[in-house]
Amino acid sequence: MKRLLNVWWDDRLVGQLTQNQHGELGFAYASTWLDDEHAPPLSISLPKRAKAFTHRECRPFFSGLLPEADSRESAAQALGVSSANDFALLDHLGGDVAGAIQILQTGVNRPFAGLQSFPTVLNEAGLVRVLDALPTRPFLVGQGSMRLSLAGAHPKLPVVLVNGAVALPAPGQPTTHILKPPISRFKATTENETFVMRLAEAIGLDVARVEPRLVSGRPFLLVKRYDRAAGDDGQFRRIHQEDFCQALGVPPDRKYAAEGGPTFKACFELLRRVAARPAVDVLKLLDAAIFNAMVGNADAHGKNFSIVHDSDGPRLAPLYDLLSTVFYPDLGTTFAMKIGTRATLGELDADGWTRFAKDAGMTLPMVRRRVEDLRERIDSAIASVVSELGSHQFDQTVVESLARMTQTRASGCATSIFKR
């Protein structure tokens with residue numbers, strides 16, 4: 001006997017997600033969706049067709065909506081389901097996910113379309129309780145009628161803001177921000193991510209907006225969602241998006257290039273194939289790859305790059321989850337996606353950059369100019385970013401240490417492109 005979940009886009013039925021007696025997923029578009037030539041596909045990897053998609057074909061997209069690693073295990077344990085059961089997790093968490101869709105039980109005739117209840121504003125004590133709960137109860141699973149999910153391995157919570165205050169969403173309400181507590185295993189991750197994201201913004205990269213906050217002396221980060229937009233009526237609506245693993249049909253458990261996940265070559269080819277303005281987006285991805293090497297973000301894998309599908313056509317999403325991972329000695333320094341054939345900054349040389357330029361479909365002189373340009377921009381902007389973060393009651397020694405390391409690595413990148 002098949003189990004069924006409906007997939008909605010706003011108030012329209014896109015299709016049905018199924019699970020058979022063997023636990024395998026399937027997905028089929030609704031005939032009304034197929035008949036509408038203006039209705040888009042759910043994913044680049046799931047083009048519109050009458051034939052149902054198999055488990056192998058549809059799992060990368062749907063499993064890619066769910067948390068990973070410890071967050072997935074904790075959520076599954078709190079819900080009393082198997083962490084390997086994508087369908088059961090989506091049944092409990094699919095009410096507000098990345099992108100435009102909602103995944104709801106078949107008894108719900110249409111998704112919640114108007115607020116009949118209100119978001120719950122969190123006071124200081126409530127925020128502290130949320131921060132305490134998230135490590136063992138990701139997305140506050142099982143609490144009330146909230147059904148929320150985001151990809152990623154670390155605790156986070158989709159929220160809304162009410163007059164600037166953090167609030168839990170009303171049932172069915174599109175969330176507008178992501179609350180990210182510090183990662184308990186590592187020192188000052190809020191300071192780290194804020195520094196790297198603000199530096200990226202300061203040098204002109206397209207990034208999600210982040211705001212560090214404190215509650216009872218405890219830091220957390222608010223990230224503004226780029227897959228939400230306010231309408232003329234002031235109500236927020238969902239904007240569709242998918243990460244590169246979803247777009248390329250790669251399951252989230254193979255997100256690293258070394259495990260068969262996306263490489264830079266595949267990512268550049270994807271943008272050239274689907275982006276409305278490929279020349280613009282290819283350059284943005286090039287800058288992102290160089291910037292990640294300079295700040296020491298070795299964890300820039302295929303799920304940390306996304307495509308937004310909006311009225312302007314498919315485009316590279318603003319950058320997100322930028323963190324200097326090499327700042328932590330316990331984490332590896334190997335790039336999630338090699339630059340050419342080189343896996344670390346220390347290995348980078350002219351041959352590695354030459355191969356990378358070929359993978360990106362560019363000339364080496366052009367890549368060299370972008371490396372030098374980003375190094376100069378970082379040198380010009382970094383002092384003001386450090387100064388700005390001094391007003392947030394951060395551990396300034398951490399911020400200054402990150403700045404020194406970034407300047408050293410940026411200089412190393414610029415030198416490596418000439419090294420033989």
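Sheets, cavities and a salt bridge

Trainee: How many bridges pair strand 6 and strand 7?
Mentor: Two strands count as paired if DSSP finds at least two bridges between them, and strands (E, at least two residues) and helices (H or I, at least four) are DSSP runs numbered from the N terminus. Strand 6 and strand 7 pair in the antiparallel sense, and their number of bridges is three.

Trainee: What kind of model is this, and how are its residues numbered?
Mentor: Residues count from 1 along each chain as its sequence is written, and side-chain values use heavy atoms, without hydrogens or water. Local features need pLDDT of at least 70 and side-chain atom pairs 80 or more, while totals for chains, interfaces and linings use all residues, since the model is predicted.

Trainee: In the hairpin of strand 6 and strand 7, which residue takes a positive phi?
Mentor: In strand 7, V166 is the bridge partner of L161. The hairpin has two residues between the strands, and the one with a positive phi, near 50 degrees, is N163.

Trainee: Which residue in strand 8 is the bridge partner of L157?
Mentor: Strand 6 (residues 157–162) also pairs with strand 8 (residues 177–180), antiparallel and over three bridges. V159 stands opposite H177 in strand 8. For L157, the partner is L179.

Trainee: Which residue in strand 3 stands opposite Q16?
Mentor: Strand 1 (residues 3–9) and strand 2 run antiparallel and are joined by seven bridges, and their hairpin has two residues between the strands, with D10 in the turn at a positive phi of about 55 degrees. Five bridges join strand 2 to strand 3 (residues 25–29), again antiparallel. The hairpin of strand 2 and strand 3 has five residues between the strands, and G23 there takes a positive phi near 85 degrees. Opposite Q16 stands A28.

Trainee: Which residue meets D36 in a salt bridge?
Mentor: A salt bridge is a side-chain nitrogen of Lys or Arg within 4 Å of a carboxyl oxygen of Asp or Glu, and the structure holds 28. The N to O distance for D36 and its partner is 2.9 Å. D36 lies in the loop between helix 1 (31–35) and helix 2 (55–63) and the partner in strand 2 (residues 12–19), so the pair ties together parts 24 residues apart in sequence.

Trainee: What is the volume of the largest cavity?
Mentor: A cavity is a set of points on a 1 Å grid over the protein atoms alone where a 1.4 Å probe fits but cannot get out, and lining residues have an atom within 4 Å of a point. Points are joined across faces, edges and corners, and a volume is the space filled by probe spheres set on them. The structure holds two cavities of 30 Å³ or more. The largest has a volume of about 80 Å³.

Trainee: Which helix gives the largest share of the lining of the largest cavity?
Mentor: The lining includes F264, A289, N292, A293 and F335. It divides into nine nonpolar, two polar and no charged residues, where Ala, Val, Leu, Ile, Met, Phe, Trp, Tyr, Cys and Pro count as nonpolar, Asp, Glu, Lys and Arg as charged, and the others, Gly among them, as polar. The largest share, three residues, comes from residues 278–295, helix 9.

Trainee: How much space lies in the second largest cavity?
Mentor: Among its lining residues are N292, N304, Y320 and D321. The lining divides into five nonpolar, three polar and one charged. The space is about 40 Å³.

Technical notes
On a 1 Å grid over the protein atoms alone, a cavity is a set of points where a 1.4 Å probe fits but cannot get out, and a pocket is an open set with protein on both sides within 12 Å along at least five of seven lines; lining residues have an atom within 4 Å of a point.
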